[in-house]
Amino acid sequence: MAGLAALAAVLVAALSGCSGDGHGDGPGPTAGPRWQPRPGLAWQWQLDGRVDPSADVPVYDIDGFENSAADVARLHRDGRRVICYVNVGAWESFRPDRDAFPRAVLGGPNGWAGERWLDIRRISVLRPLMAKRFDMCRDKGFDAVEPDLVEGYGNETGFPLTARDQLRYNRMIARLAHERGLSVGLKNDLPQVPELVADFDFAVNEECAQYDECGRLTPFVAAGKAVFHVEYTEPAGEFCPESRRLRLSSMLKKPELGVWRRPC
């Protein structure tokens, strides 16, 4: 009988890791493999204030600082997966950890109030700071991270950043997320998609249709990884047919990224 009991325990443990559709798109997080969002998943992207849970979609992308563990837990109870928005490429004067960043790593303004580019070459300085932010995402129960501004090398940052610097930094960011059991998305940075698709679990893109660049995201879809995409000015009727053909998770949003959305 003891042998049968042990066998039953093994079977229960095995089956407990096999629930769902195999894609990890149900409520989480779990102790198993990290979440891998598949192409075509609908989503909500709300970075303006505390989350409004009214959108009937399986994925929410919300600000990691402005939302609590209780907010994340509520979304999980509703069957949602939840992505933690964190800025990893710029210093923000309005964040609680602003004083932890040495002045030497702060560059020029990036066009958003209270933000300055970071010197991503200073990995020894930035890695522990970003690790604490990702710890916050993990501890609040998020399933994934959306690290923003990971293409400083293509902007006037005040530092002589190169594409190689960016690849090194972005891969470090992906490792930090994975070490914490979190999925991680590549935000924009289209020129480096071929080099980074294997390091990231999904992509987040703004305005690829406006610039006729959505085809550059096909490596993610081909790898079975979701592309969460928004447009701000293009009419939905113009970009949605192409988005559906490419299997992107697309919607029209207002630039302030509030509750309003118009999905394809």
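Local features in the predicted model require pLDDT of at least 70, side-chain atom pairs count only at pLDDT 80 or more, and totals for chains, interfaces and linings use all residues. Residues are numbered from 1 along each chain as its sequence is written, and side-chain values use heavy atoms, with hydrogens and water left out.

An open sheet of three strands is found in the order E4-E6-E5, with antiparallel pairing. Strands are DSSP runs (E, at least two residues), numbered from the N terminus, and two of them pair if DSSP finds at least two bridges between them. Strand E4 (90-92) and strand E5 (106-109) form the edges, each pairing on one side only. From one strand to the next, the twist averages 40 degrees; axes are lines fitted to C-alpha atoms, and angles run from 0 to 180 degrees between N-to-C directions. Three bridges link E4 with strand E6 (residues 115-118) in the antiparallel sense. Opposite Glu 92 stands Glu 115 in E6.

Strand E8 (residues 183-187) pairs with E9 in the parallel sense over three bridges, and Leu 186 stands opposite Ala 203 in E9. E9 is also joined to strand E10 (residues 227-231) by four bridges, and these two strands run parallel. Glu 206 has Val 230 in E10 as its bridge partner.
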